[in-house]
Amino acid sequence: MVADRDLVEVPEGVRAGEALALLVQGLTAWHLLRSAARMAPGESVVVHAAAGGTGSLAVQLAREFGAGRIIATASSEDKRAFALELGADVAIDGAAEGYRERVLDANHGRPVDIVLDAVGGPVLDSALDALDYLGRLVTYGASSRQAASAIAPGRLALESRTVAGFWLIPLIARDGAGGPALEELLDLTARRRLRPLVGAEYDLARARDAHEDLLARRTKGKLVLRPRS
């Protein structure tokens, strides 16, 4: 039996794939901005991997929540163009080399308030240097499969910066999957103010292909595996 706290009504007009994307990627993006980064209206936000399932929703939600400037990073021109379609003000290459210079240039020469990072490794190291006074970096993944450098407390204290982590699963285990955050996401989607990106669909027998495409960064948004009928 499913607990009441895990139940939420899916509004008319929200497709199954969209609801699925909201359950994990949508809730993650919502909490990255609201709970972990505590974004205030007018702040500048950098979203790494902005064409992915979580990143694409984070770009849209940052706009919905009143971000002053949204800077998207992505690995290809096609994905950067897509991030602009979603509402980013500017889209740049997210590689570690030259990262700080590109971010500051994209933010009119100023460091940024918030960075949402799912890449890790050298990119996280570079992102920390692009934060403004009282800036916040939230790490929620490490797709680069590289370790970031150890962060000395003094490096944070000098500019009063914060590095936070977020993982959705413990939150769902504690509070359930339903609730106001998911209801807001579903309502925004039903009113087409939010567009969960549902990408390629694969038969369950092609699950390996889906993983390989994901690792090779050939995908956009939420991938769907369908069991055979």
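**A strand and its surroundings**

Guide: Among the contacts in the protein chain with a separation of 6 or more, 67% join residues 24 or more positions apart, a contact being heavy atoms within 4.5 Å. This is a predicted model, in which local features need pLDDT of at least 70 and side-chain atom pairs count only at pLDDT 80 or more, while totals for chains, interfaces and linings use all residues. Residues are numbered from 1 along each chain as its sequence is written, and side-chain values use heavy atoms, with hydrogens and water left out.

The secondary structure of the protein chain comprises nine helices and eight strands, taken as DSSP runs numbered from the N terminus, with at least four residues (H or I) for a helix and at least two (E) for a strand. The part to examine is strand S1, residues 44-47, where Ser44 and Val46 point one way, Val45 and Val47 point the other way, and all are buried, that is, under 20% relative accessible area with a 1.4 Å probe and protein chains only, whereas exposed is over 50% and partly exposed lies in between. In a regular strand the side chains alternate between the two faces of the sheet.

On pairing, which requires at least two DSSP bridges between two strands, S1 runs parallel to strand S4 (residues 112-117) and is joined to S4 by three bridges, with Val115 as the bridge partner of Val46. S1 also pairs in the parallel sense with strand S2 (residues 69-74), over four bridges, and Val47 stands opposite Ala72 in that strand. Between S1 and S2 the chain passes through helix H2 (residues 53-64), and this β-α-β crossover is right-handed, meaning that, with the strands pointing away from the viewer, the path from the first strand over the helix to the second runs clockwise.

Helix H2 contains Thr54, which counts as buried because its relative accessibility is 13%. Leaving aside residues up to four places away in sequence, Thr54 touches Gln25, Thr28, Ala29, Leu32 and Tyr140.
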